[in-house]
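The sequence and structure are shown first.

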Amino acid sequence: MKARLILAALLTVACTPGTFGPVPDERQSAWQDMEYYMFCHFGPNTFTDKEWGDGTENPDVFCPEALDCDQWAATAEAAGMKGIVITAKHHDGFCLWPSAYSDHTVAQSSWRDGKGDVLRELSDACRAHGLKFGIYISPWDRNHPTYGTEAYNAVFANTVREAHEKYGPVFEQWFDGACKPGPGQRAMPYDWDLFNSTVYSVSPDAVIFSDVGPDCRWVGNEKGYVGETNWCRLDTEGFTPGAGAPPRDTLNMGNVYGSHWIPAECDVSIRPGWFYSPDTDDKVKTVDELMEIWFASVGRGANLILNVPPDRTGRINSIDSTRLMEFKAARDAFFSEKEGSDCVVVMEDLRYGQKIRSFVVEAKGPSGWKQVASGTTVGHKRIVRFPHQDTDRIRVRVTASFGKPLIRSVETY
C-alpha cells in the first residue's frame, strides 16, 4: 500500500521559479526521457574475437548468414528499451552499409553478394517497432588511406552525412574518442566542429554524444555507474573528446557550476566484451548485476545504453535475450504497487535548471518523523532505496538548493 506523501520544502514555489545555470533544450529533454536503450556492437570483430580490429580484415569475414534486425528490434521493444544505437563503423573502418566514401564495406564482402545493408534493415526495423534509431561512427579509421591527413576530415564528415541522409531520422550520434595510431599511421587532428555541424545540418533533432558532448557526455567508465552526485552541467573549454577529455571523476559527476547542459550517459555491456564471443556465453551479467546498474545509472539521473551484441548468426543470442526479459520482469516487480520494494522515486523539473543539492527522506512513526534515507542531486530522476518502514506518511525534504526547487513527480513504493 502506498504511503501518503508529503513534499516538504518542494512545493514552496508560489510563482515561476528563477532559472539557475544552463537548461536542457527540447532535444535533450526528449533524450533524457528515453532513459534506456540498446547498444549493438556488430562488425568484423564479431567473427574474429577481437575488440579492436586493425583494419586489415578481409571483408569476407563479415558473414551473418541469418541476419535478422527485426529480431533485434523486437527484443529491444520487449525489454522496455526506447531505441537502438548500432556501430555503423568501428575503429577498423568497416562500414555496415555500402558507403561511397570507403572501399572497406559490406559492398566489398561476399555476404549477400555485396548487396547487404545492415543500416537499412535496422533503421527500418526500428521504425516498425516504434524505436528510435542511433548511429555510432568512429572517427578513428585503421583502414582508410587518407587517415592522418587533413583530407580525412572531409571524408569522415561526408561519411557521417551519408549515413544520416540515407537512414535517418537519427536520435543520437555516438562519437568515440578512442585513437591509438599504430606503426606507420599518423596522428589525426580531428575537426570536431565540422563533424558536429554536419550532424546538425542533416539531423537537427539528434543529440551528439562524446566525452564533452555537445549534447550528452560519457560517464567516465564502462561499468554503467554515474556518481552519487551527478550534475547535468559540464565545463568544456579547453577539452576535446578522447585524450583531451576532462578527468574521469569530472565526467562521472559533472560540474556543479558547469557552463553547458551536458547530461551523462552510462555505457556498459551485458557481456565482458563489447562484441559477441562464444567464449562469453557463460559470462552474461546476472539480473542482480543489471538491477544494480539500473539504480546506479537511471536511478542517479543518467541514461543507460546497454550493449547487447548480436552473435555470428546475425541475431541477438538467446542467452542475452532471455536475460533481458528477466531483467525487465525484475524491474516491473520492483516498481509494482503490490510487489514493489521500499523506495521513493523523485524527478526534478529541469526546465529552470538542476537545483537540488541535497535532500532527505523521512517516515512518520509512533514517535514522530525519522530519517530513512538521504541523497545529494536529483536531476532527471533519483531512485532512493531504504529498509521497510511501517508508516502511512513519507516526507521528502530538500535541505539545500540553488534557489527554489521544482519537482516534476514523486512516486513511492
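## Basis

The model is predicted, so local features need pLDDT of at least 70 and side-chain atom pairs count only at pLDDT 80 or more, while totals for chains, interfaces and linings use all residues. Residues are numbered from 1 along each chain as its sequence is written, and side-chain values use heavy atoms, with hydrogens and water left out.

## Cavities

The structure holds 2 cavities of 30 Å³ or more. A cavity is a set of points, on a 1 Å grid over the protein atoms alone, where a 1.4 Å probe fits but cannot get out; lining residues have an atom within 4 Å of a point. Grid points are joined across faces, edges and corners, and a volume is the space filled by probe spheres set on the points.

The largest cavity has about 50 Å³ of space. Its lining consists of Lys89, Cys95, Ser99, Tyr101, Ser102, Asp141, His144, Tyr152, Val155, Phe156 and Thr159. Helix H5 (residues 150-167) supplies the largest share of this lining, 4 residues. Helices (H or I, at least four residues) and strands (E, at least two) are DSSP runs, numbered from the N terminus. By class, 5 of the lining residues are nonpolar, 4 polar and 2 charged. Here Ala, Val, Leu, Ile, Met, Phe, Trp, Tyr, Cys and Pro count as nonpolar, Asp, Glu, Lys and Arg as charged, and the others, Gly among them, as polar.

The second largest cavity has about 40 Å³ of space. Phe42, Gly43, Pro44, Thr87, Ala88, Lys89, His90, Asp92, Phe94, Leu96 and Phe275 line this second cavity, with 6 nonpolar, 3 polar and 2 charged residues.

## Salt bridges

The whole structure has 23 salt bridges, each a side-chain nitrogen of Lys or Arg within 4 Å of a carboxyl oxygen of Asp or Glu. One of them joins glutamate 35 and lysine 381, with the closest N and O atoms 3.1 Å apart. Glutamate 35 is in the loop between helix H1 (26-34) and strand E2 (36-40) and lysine 381 in the loop between strand E14 (368-375) and strand E15 (382-385), so the pair ties together parts that are 346 residues apart in sequence. Glutamate 35 is buried at 11% relative accessible area, and lysine 381 is buried at 15%.

Arginine 395 and glutamate 362 form a salt bridge at 2.7 Å, N to O. This pair links strand E16 (residues 393-401), which holds arginine 395, to strand E13 (residues 356-365), which holds glutamate 362, 33 residues apart. Both arginine 395 and glutamate 362 are buried.

Notes:
1 Å grid on protein atoms, 1.4 Å probe; cavity = no way out; pocket = protein on both sides within 12 Å on 5 of 7 lines; lining within 4 Å. Buried < 20%, exposed > 50% of the residue type's maximum accessible area, 1.4 Å probe, protein only.
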